[in-house]
Amino acid sequence: MATEKLTSCAKFIENSKPYFAMICLQFGYAGMNIITKVSLNQGMSHYVLVVYRHAFATAVIAPFAFIFERKGQPKITFPIFVQIFVLALLGPVIDQNFYYAGLKLTSPTFSCAMSNMLPAMTFVMAILCRMEKINIKKVRCQAKIVGTLVTVAGAMLMTLYKGPIVEMIWAKHAHDPHNKTHAPTSTGSSDKDWFLGCIFLIIATLAWASLFVLQAKAIETYKNHQLSLTSLVCFIGTLQAVAVTFVVEHNPSVWRIGWDMNLLAAAYAGIVTSSISYYVQGLVIKKKGPVFATAFSPLMMIIVAIMGSFILAEQIYLGGVIGAILIVIGLYSVLWGKQKERIETKVADDIPLPVKGAQMGGIAGSVIDDTDHFSQLKSGQKGEDNNKLSSVVISMPIREPTKVNQEAEA
C-alpha cells in the first residue's frame, strides 16, 4: 500500500513538472518586464540595454554550445551567414529595440498583452510566405482565421481606446490622488506617446513573427546544434546592436553601467530570459508540445498586472482590459486550430507505417527501421512548422531523442 502511494506520488510529481516549469517561467518573464521598466524609467538607453542583454546571453550560452555541440559543426557558408545575420537583425536588434521603446512609452502589462498577438501574426506571416495552407472548409482553419481577426481587433482597441482607469482593490492607496508619495510611473506619458508606444510594440511583434517564419531554413542546418545557432544569433545580434547604438547614441556616457538597476536589468534579461528560459521551455516543448508552452503566456500578463500595480503604481485602463481579453480569446482560438492540425498531421503520418512494413515480407525488420527513420525526420520537419507559434523557437537547446530501434538492438 505504501509502495503504491509512493509510486502515485512520484508519478504526480513527474507529470506536474512541465506545469511547474512553465509557471516559474512566466514569473521570470514578468520579473524581466518590471525590472526593465524600472531601468528605462531611470534613464537607461534601450539601445545600450539590448547590447548588454545579448552580450550576457552570448557569454552564458556559448560555453555550453562549445562543450556539448563542438563535434560535427555545420560549415558557415555565405547563405548560412546571411540567414544568421537576418535572424540576428530581426530578433536582438529590431524586435528588442522596438519592444523596449514601446515598454518605455506604455506599461509592462500593456506590453505583455500586445506580445500575445505573436501566434496570430506568425500565422499571417506564414500565409504570406506560402508556408501555411488554408482550407476554409476545415474547422481548424476557421478557428485560426477567426482567432487572428479577434486578436487584431483586440490590438486595435488597445491602441485606439484608452478609457477610464480600472481601480485595483489592493492599489487604491497607491492611486489615491492625495497620496503624493506614490506617484504613478507609467501614466505620465501623453496620449501621443501612448499611441507611439503601441505602434512600436506592434512592429516588435511583427519582427518576432518574421523571425519565427524565417528561422525554418536555419534550423534545418543546425538541427543538432541549436545551442550553437542561438549563441551565433546572440553574438551577431550584439555586434549589430553595438553598431546601431553608435549611430543613434552620440553621448559616450550612455555606455556607463554600475552596480545598479541597469546592470540587474541587463544581466537578468540576458541570463534568465535569453538563456535559462530557452533551455527550460525547450524541454517543456519536447515533452508536451509547442501549444502547451504557448498556452501559459497570458499568465505572465496577469502576474505583471499585479506586480506592476504594487511596484510601479501602474494604472490599468478599461480599453486595455477589454483589448487584452480579446487578444487572449484570439490566442487560444489560434492555438486550438494549430493543435488540431498537429493531431491530424500526426495521425496521417502514423497510418502508412504498418503497410510499408507488411509489404516487404521477409525483410520487414530492416524496412521498419528505415521507415521509423523516415517518419522521425518527417515528424521533425512537422515539429519545426508547428514551432512557428511558439515563443522560443529559434533557441531550443534540445538533443534529438535516441531511436527506439537502436535501444532494442543494444
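View 1. At 45% relative accessibility, Lys17 is partly exposed (partly exposed lies between buried, under 20% relative accessible area, and exposed, over 50%, with a 1.4 Å probe and protein chains only). The model is predicted: local features need pLDDT of at least 70, side-chain atom pairs count only at pLDDT 80 or more, and totals for chains, interfaces and linings use all residues. Residues are numbered from 1 along each chain as its sequence is written, and side-chain values use heavy atoms, with hydrogens and water left out. Glu14 is also partly exposed, at 36% relative accessibility. The side chains of Lys17 and Glu14 form a salt bridge, 3.3 Å from N to O (a side-chain nitrogen of Lys or Arg within 4 Å of a carboxyl oxygen of Asp or Glu). Both residues belong to helix 1 (residues 2–41), 3 residues apart, or about one turn of the helix. Helices here are DSSP runs of H or I with at least four residues, numbered from the N terminus. The structure holds 5 salt bridges.

View 2. Lys138 forms a salt bridge with Glu344, with 3.8 Å between the closest N and O atoms. This pair links distant parts of the chain, 206 residues apart: Lys138 is in the loop between helix 5 (118–128) and helix 6 (139–160), and Glu344 is in helix 12 (residues 318–350). Lys138 is partly exposed at 34% relative accessibility, and Glu344 is partly exposed at 37%. Arg140 also has a salt bridge with Glu344, where the closest N and O atoms are 2.9 Å apart. Arg140 lies in helix 6 and Glu344 in helix 12, so this pair ties together parts that are 204 residues apart in sequence. Arg140 is buried, its relative accessible area being 13%. Through shared partners, the salt bridges join Lys138, Arg140 and Glu344 into one network.

**View 3. A nonpolar patch on the surface.** Ile76, Phe78, Phe81, Val82, Phe85, Val86, Leu89 and Leu214 make up this patch, and together they have about 700 Å² of accessible area. Patches are made of residues with over 30% relative accessible area and no salt bridge; like charges are joined within 9 Å, and nonpolar side chains (Val, Leu, Ile, Met, Phe, Trp, Tyr) within 5 Å. Accessible areas come from the Shrake-Rupley method with a 1.4 Å probe, and for residues only the protein chains shown count as cover. Helix 3 (residues 78–105) supplies the largest share of the patch, 6 residues. Leu89 is in helix 3 and is partly exposed, with a relative accessible area of 33%.

**View 4. Nonpolar cores.** The largest nonpolar core has 67 residues, of which Met22, Leu49, Ile84, Tyr100, Phe110, Met114 and Leu229 touch the most other members. A nonpolar core is a set of buried Ala, Val, Leu, Ile, Met, Phe, Trp, Tyr and Cys residues joined through side-chain atoms within 4.5 Å. Leaving aside neighbours within four places in sequence, Ile84 contacts Tyr222, Leu229, Leu232, Val233 and Ile236 (contact means heavy atoms within 4.5 Å). Another core, of 6 residues, lies apart from the largest one and includes Ile61, Ala65, Leu227 and Cys234.

**View 5. Thr238 in helix 8.** Thr238 sits in helix 8 (residues 226–248). With a relative accessible area of 10%, Thr238 is buried. Not counting residues up to four places away in sequence, Thr238 touches Val51, His54, Ala55 and Thr58.

Definitions and conventions
Helix = DSSP H or I, 4+ residues; strand = E, 2+ residues; numbered from the N terminus.
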